[in-house]
Amino acid sequence: VYKKGTTVLDAAPTDAGTYTIEITLGGATASVEYTIKKAKTTITTAPTVPEITYGQSLSEIELSGGVADNNLTGMFNWKTPNAVPAVSDSGVTEYEVIFTPDDSNYAPVTFTVKVSVERASTDMNSLTEAQKPAAKTGLTYSNEEQALVTAPEELPKGYTGVKYRLEGEDEWTDTIPTGKGAGTYTVQIKYIGDENHNDLVGDNI
């Protein structure tokens, strides 16, 4: 007699699982527990991993196009869906994917893929007033160089500094531009992004 748990089976089992076989001879019954292991699953084609932008987690990446042997259908899922890859991870760090077959006779399989990560861009409109330089007001001619703007009180997240230049100049500088002669000046600003963010050219002042 074949059993799965307490359920008596009509025939010898072929599906993966743990079973008991009971044999009765001369009024004595002996039982043996045995296991049919799940078949090994092999991924023949890894799923396609689209490029992401820094700040996106693995859970936001849809895995598609993967193929398993024996025409198995199933689901591809990230093992660490909350991980947020950095640009430095791009094409380098391997992330684990688990394929779970729909057929319970086949074992899940874990493999790794790499992710391509682009730097994130920031919208100037998302900056607070404290994160923007401000034009100095009330300046009058004094025959001396005067700073034209005040530096921002704080930097946006993901940015390491601010550079300036007067309109018409080519070079950016860490020094706030100054003016001596009477007139109207236009100051251009650029926020320097870290390894995960693109530089941001801000509004003219």
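A: Let us begin with a term: two strands are said to pair if DSSP finds at least two bridges between them. Please keep in mind that this is a predicted model.

Q: In which order do the three strands of the open sheet stand, and is the pairing parallel or antiparallel?
A: In general, strands of a sheet pair through backbone hydrogen bonds, in either a parallel or an antiparallel sense. Here, three strands make up an open sheet in the order β15-β17-β18, and their pairing is antiparallel. The edges are taken by β15 (159-166) and β18 (200-201); each has a single partner strand, so one side of each has no neighbour in the sheet.

Q: How many bridges join β15 and β17?
A: Strand β17 covers residues 187-193, and β15 pairs with this strand over seven bridges in the antiparallel sense. Two facing positions can be followed in the model. Val162 stands opposite Tyr191 in β17, and Leu166 stands opposite Val187 in β17.

Q: How many of the eight residues of β15 are buried?
A: A residue counts as buried when its relative accessible area is under 20%. In β15, six of the eight residues are buried, so the strand is largely enclosed by the rest of the structure. For the chain as a whole, 30% of the 205 residues count as buried.

Q: What secondary structure does the chain have, and what are its overall dimensions?
A: The chain has 18 strands and zero helices. Its C-alpha trace spans about 120 × 30 × 20 Å along the principal axes. The radius of gyration is 33 Å, whereas a compact globule of 205 residues would have a value near 17 Å.

Q: Are Asn70 and Asn71 buried or exposed?
A: A residue is exposed when its relative accessible area is over 50%. Asn70 has 51% and is therefore exposed, and Asn71, at 77%, counts as exposed too.

Terms used: Residues numbered from 1 in each chain as written. Predicted model: local features only at pLDDT ≥ 70, side-chain atom pairs only at ≥ 80, totals over all residues. Heavy atoms only, no water. Helix = DSSP H or I, 4+ residues; strand = E, 2+ residues; numbered from the N terminus. Rg over C-alpha atoms; globule rule 2.2 N^0.38 Å. Buried < 20%, exposed > 50% of the residue type's maximum accessible area, 1.4 Å probe, protein only.
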